[in-house]
Amino acid sequence: LYLFPRGVMGIIVVGYSIGLILTPVGLLYRDIQMAMGMIMTFWMFLTPVVLMIPAQRNIQSIVMRWNPVSSVLDTTRSWLLGLEPMLWPQFIWMVPFAALLLCIGWILFRIALPHVIARLGM
């Protein structure tokens with residue numbers, strides 16, 4: 001249970017990094033912003049948010065295992081419930097990679113901010 005807060009921090013880092021990478025693109029291009037709703041809805045079905053990853057090997061299980069967010073969610077849930085995490089090795093490399101993406105996203109956001117402000121006419 002003591003690992004659970006680390007897992008929650010991993011989920012926060014992954015979420016912020018994805019959001020920070022997509023925010024400038026979504027603000028600059030309206031088409032991307034409209035498509036993100038459809039993509040995120042479909043992506044939720046490929047991520048084990050409510051259900052756990054199926055034990056049998058089918059196409060859904062394979063796609064869920066290769067989803068980078070699945071490792072963070074599934075490992076954190078396993079720590080909370082006291083289960084053995086299945087995707088522990090993916091969690092180990094996904095959180096530092098997401099932290100690196102967070103830094104890159106922050107830099108890209110700072111670069112794109114003047115363009116977004118100019119486009120909005122402020």
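Among contacts in the protein chain between residues at least 6 apart in sequence, 56% join residues at least 24 apart, a contact being heavy atoms within 4.5 Å. The model is predicted, so local features need pLDDT of at least 70 and side-chain atom pairs count only at pLDDT 80 or more, while totals for chains, interfaces and linings use all residues. Residues are numbered from 1 along each chain as its sequence is written, and side-chain values use heavy atoms, with hydrogens and water left out.

The protein chain has five helices and zero strands, in the order α-α-α-α-α from the N terminus. Helices here are DSSP runs of H or I with at least four residues, strands are runs of E with at least two, and both are numbered from the N terminus. Along its principal axes, the C-alpha trace spans about 50 × 30 × 20 Å. Of the 122 residues, 29% are buried, that is, under 20% relative accessible area with a 1.4 Å probe and protein chains only. The accessible surface comes to about 8,400 Å² by the Shrake-Rupley method with a 1.4 Å probe, and 76% of this surface belongs to carbon and sulfur atoms.

Ten of the 14 residues of α4 are buried, leaving the helix mostly covered. Among them are Val69, Val72, Asp74, Arg77 and Trp79. The buried residues of α4 pack against α1 (4–28), α2 (30–45), α3 (59–66) and α5 (88–120). Just after α4, Gly82 takes a positive phi of about 80°.

With α4, α1 packs at an angle of about 160°, the axes lying 8 Å apart; axes are lines fitted to C-alpha atoms over the stretch in contact, and angles run from 0 to 180 degrees between N-to-C directions. The two helices are therefore roughly antiparallel, the word for angles over 145 degrees. On the α1 side of this pairing are residues including Phe4, Gly7, Ile11 and Val14, which meet residues of α4 including Val69, Val72 and Trp79.

With α2, α1 packs at an angle of about 140°, and these axes are 6 Å apart.

Conventions
Buried < 20%, exposed > 50% of the residue type's maximum accessible area, 1.4 Å probe, protein only. Parallel < 35°, antiparallel > 145°, perpendicular 65-115°, else oblique.
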